[in-house]
Amino acid sequence: EYVKELSPKLAPSFSKLVHSVDENIDEISFNSSDGRGFKVSETDRKIFDKKEFLSSEEKIFSGTITVLNSHDNTGKIQIESDEIPLGEYKFDVQKQIRFPEYLSSAMRKKLMYRCYCKISFDPSTLKEQIIGIRIIEKL
């Protein structure tokens, strides 16, 4: 319980500290006279870089495709649902359903979709944000 309370308070400070390590500073060390201490290096800095991943949890939402690139099956979709925060998101399409007619028939129509969310996680704030959508199925 205490770790959950302490983590959000410490993460921003540690992130700022480890991002001080760069091409001019190899590592930062803190040592005490009794041998206790710690150091941060380039490896530690990478721990605090933002990470992107595809959620394994399926979501169903209503949305309208507003931009479509049929060459690479990407575009933008306006989401109007409680499942995912309202807004316009970039999307791509799962490989098994990639053919031009599939999405072009949905252009500018409000339809239901099943998807996975693309998430950005920021270790310095411990927050996740949806940055995109992978469409699995048009319902």
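## Salt bridges in a predicted model

Arg36 is exposed, at 58% relative accessible area. Exposed means over 50%, buried under 20%, and partly exposed in between (1.4 Å probe, protein chains only). This is a predicted model, where local features need pLDDT of at least 70, side-chain atom pairs count only at pLDDT 80 or more, and totals for chains, interfaces and linings use all residues. Residues are numbered from 1 along each chain as its sequence is written, and side-chain values use heavy atoms, with hydrogens and water left out.

The structure has nine salt bridges. A salt bridge here is a side-chain nitrogen of Lys or Arg within 4 Å of a carboxyl oxygen of Asp or Glu. The table gives three of them.

| Pair | N to O distance |
|---|---|
| Asp34 and Arg36 | 3.0 Å |
| Lys110 and Glu80 | 3.2 Å |
| Asp92 and Lys118 | 2.7 Å |

Lys110 pairs with Glu80. This pair links distant parts of the chain, 30 residues apart. Lys110 sits in strand 7 (residues 110–122). Glu80 sits in the loop between strand 5 (74–79) and strand 6 (87–93). Strands (E, at least two residues) are DSSP runs, numbered from the N terminus. Lys110 is exposed, at 54%. Glu80 is partly exposed, at 31%.

Asp92 pairs with Lys118. Asp92 lies in strand 6 and Lys118 in strand 7, so their bridge ties together parts 26 residues apart in sequence. Asp92 is buried, with a relative accessible area of 11%. Lys118 is partly exposed, at 26%.

Glu57, Lys59 and Glu83 form one network, joined by salt bridges that share partners.

Methods
Helices (H or I, at least four residues) and strands (E, at least two) are DSSP runs, numbered from the N terminus.
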